[in-house]
Amino acid sequence: MFIAATIAILVTMALTLARALLGPTLFDRLLAVNSFGTKTVLLISVYGFMTDRPDFLDIALVYSLINFLGTIAVLKFFEFDDPGSETYQEDDF
Amino acid sequence: MIDWIVWAISWILMLIGCVFIVSGAVGLIRMPDLYTRLHAASLTDTGGTIIISLALILQSVFVFGSAMAAIKVMLILFFTLFTAPTASHALAKTALLCGQVPVGTDGKPILDSPEEATLLARSRPADYRSGQDAEQAKAEGRARQARRDRKGDGH
């Protein structure tokens with residue numbers, strides 16, 4: 001079961017990576033990278049169960065958080081050319 | 001008996017989850033423009049993660065007998081449920097703000113120009129395309145843009 005799931009996730013990651021390389025715009029690439037990160041979390045979890053070492057879940061947990069932060073940071077960089085910018089305004093959202 | 005049932009259920013869940021994520025990746029490759037790709041990828045990301053996590057939770061409780069592993073999988077599920085839609089939303093919003101125009105079902109852009117996409121991202125009304133709020137939305141977007149330009153000069 002875990003082997004089948006691992007193979008399916010690896011195929012998914014390959015397709016996602018293809019989109020990241022092909023992607024006509026920056027946002028396509030970023031979407032692909034974000035999706036790739038989510039798949040990595042799943043892969044690490046499933047691989048941990050496959051090798052009877054569920055401890056790998058800690059790594060997956062950290063990776064899911066880092067993935068989110070990375071995506072948001074890069075998006076903010078695209079939007080403001082500067083991740084530390086303070087030009088967010090209350091009425092922007 | 002219970003072993004057999006747990007294996008069957010987690011096999012089925014795992015299989016459905018794999019179908020979800022693989023179809024999401026195929027959508028990511030084959031869809032025509034950014035926003036449709038975003039739709040394919042984000043929905044299947046969340047759905048596939050939920051279903052595969054359920055399978056893993058079943059496995060960790062009944063096969064590995066480890067409650068800690070189940071709690072960790074639940075935490076991963078919890079974080080993913082919060083972060084994946086947030087990231088997709090931020091991505092769509094930033095893309096619109098940077099002037100990516102969505103393509104309609106007939107293959108033509110549904111907005112006139114990238115500037116209009118930016119204005120749309122700055123405006124609030126949700127039914128912008130229905131027509132009645134379009135002018136108001138554009139005006140509001142322009143006002144926000146102007147305010148922002150004034151304040152943003154410093155950086």
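Let's start with one residue, B:L91. Setting aside its neighbours within four places in sequence, B:L91 is in contact with A:F27, A:L30, A:L31, A:L75 and B:L38. In contact means that the C-beta atoms of two residues, placed from the backbone, lie within 7 Å.

A word on the model. It is predicted, so local features need pLDDT of at least 70 and side-chain atom pairs count only at pLDDT 80 or more, while totals for chains, interfaces and linings use all residues. Residues are numbered from 1 along each chain as its sequence is written, and chains are lettered from A and ligands numbered from 1 in the order in which they are written.

Now the core. Which residues have the most contacts inside the largest nonpolar core? They are A:I9 and B:L91, in a core of 54 residues. A nonpolar core is a set of buried Ala, Val, Leu, Ile, Met, Phe, Trp, Tyr and Cys residues joined through C-beta atoms within 7 Å. Buried means 20 or more other C-beta atoms within 10 Å of a residue's own; exposed means 12 or fewer; partly exposed is in between. Chain A brings α1 (2-22), α2 (26-50) and α3 (56-80), and chain B brings α1 (2-30), α2 (34-63), α3 (67-97) and α4 (114-122), each with at least two residues. Helices here are DSSP runs (H or I, at least four residues), strands likewise (E, at least two), numbered from the N terminus.

Next, the contact between the chains. It takes 42 residues from chain A and 44 residues from chain B. On the chain A side, α2(A) gives the most, with 13 residues. By class, that side has 23 nonpolar, 12 polar and 7 charged residues. Ala, Val, Leu, Ile, Met, Phe, Trp, Tyr, Cys and Pro count as nonpolar, Asp, Glu, Lys and Arg as charged, and the others, Gly among them, as polar.

Let's stay with α2(A). Of its 25 residues, 19 are buried, so the helix is largely enclosed by the rest of the structure. Its length agrees too: at 1.5 Å a residue it should span 36 Å, and its end C-alpha atoms are 35 Å apart. The expected span is 1.5 Å times one less than the number of residues.

After α2(A) comes A:D52, in the loop between α2 and α3 of chain A. Is A:D52 buried or exposed? Exposed, because 9 other C-beta atoms lie within 10 Å.

Last, chain B. It has 5 helices and 0 strands. Of its 155 residues, 37% count as buried.
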